[in-house]
Amino acid sequence: KLLTDKLASLTTFDKNTKVLDVGCGIGEPAFYLNKKFGSKITGVTISERGEELASKSCKEKGLSNDIKFKVADILHSDFQSNSFDIVWI
């Protein structure tokens with residue numbers, strides 16, 4: 001969490017911030033950022049298993065309204081321009 005806090009200090013997060021978490025793993029940074037700032041987060045991974053674990057944890061934590069995970073190649077994504085305020089890698 002120390003590295004996450006250090007990186008988060010480089011910009012401004014709040015409950016209206018939309019974050020794209022590229023390479024989200026099993027979602028831990030997304031959960032932490034949402035808990036600390038209330039930001040809305042979309043996590044993207046190329047790992048189906050990682051997405052499965054992240055989505056399961058998200059549901060168990062009751063965060064499905066604020067955080068979403070999907071399997072996608074970020075270089076060929078269907079996200080619209082300006083969909084996010086911050087891209088977190």
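Is D66 buried, partly exposed or exposed? D66 is partly exposed, because its relative accessible area is 23%. On this scale, buried means under 20% relative accessible area, exposed means over 50%, and partly exposed sits in between (1.4 Å probe, protein chains only).

## Before we start

This is a predicted model, where local features need pLDDT of at least 70, side-chain atom pairs count only at pLDDT 80 or more, and totals for chains, interfaces and linings use all residues. Residues are numbered from 1 along each chain as its sequence is written, and side-chain values use heavy atoms, with hydrogens and water left out.

## Salt bridges

Side chains of opposite charge can pair when their charged atoms come close. Here a salt bridge means a side-chain nitrogen of Lys or Arg within 4 Å of a carboxyl oxygen of Asp or Glu. The count by this rule is four.

Back to D66: its side chain meets that of K40 in a salt bridge, 2.9 Å from N to O. That pair links distant parts of the chain, with K40 in strand β2 (residues 40–45) and D66 in the loop between α3 (48–60) and β3 (67–71), 26 residues apart. As for the names, helices (H or I, at least four residues) and strands (E, at least two) are DSSP runs, numbered from the N terminus. K40 is partly exposed too, at 36% relative accessible area.

Next up is K36, which forms a salt bridge with D5, and their closest N and O atoms are 2.9 Å apart. K36 lies in helix α2 and D5 in helix α1, so this pair ties together parts that are 31 residues apart in sequence. K36 is partly exposed at 45%, and D5 is partly exposed at 25%. There's also a salt bridge between D78 and K70, at 3.1 Å from N to O. D78 counts as exposed at 56% relative accessibility, while K70 is partly exposed at 26%.

## The largest pocket

Rolling a probe the size of a water molecule over the atoms shows where empty space is left. A pocket is found on a 1 Å grid over the protein atoms alone: it's an open set of points where a 1.4 Å probe fits, with protein on both sides within 12 Å along at least five of seven lines, and lining residues have an atom within 4 Å of a point.

The largest pocket has a volume of about 180 Å³. Its lining is made up of K1, T4, E28, P29, F31, Y32, K35, K61 and L63. Helix α2 (residues 28–37) gives the largest share of that lining, five residues. Sorted by class, the lining has four nonpolar, one polar and four charged residues.

## A nonpolar patch

L3, L7 and L10 form a nonpolar patch on the surface, with about 320 Å² of accessible area together. Patch residues have over 30% relative accessible area and no salt bridge, and nonpolar side chains (Val, Leu, Ile, Met, Phe, Trp, Tyr) are joined within 5 Å, like charges within 9 Å. L3 sits in helix α1 (residues 2–8) and counts as exposed at 58% relative accessibility.

## Two loop residues

N82 isn't a glycine, yet it has a positive phi of about 65°. You'll find N82 in the loop between β3 and β4 (86–88), and it counts as exposed at 77% relative accessibility.

G38 is in the loop between α2 and β2 and is partly exposed at 22%.

Definitions and conventions: Areas by Shrake-Rupley, 256 points an atom, 1.4 Å probe, with all protein chains shown as cover. Points joined across faces, edges and corners; volume = space filled by probe spheres on them. Nonpolar A, V, L, I, M, F, W, Y, C, P; charged D, E, K, R; others polar.
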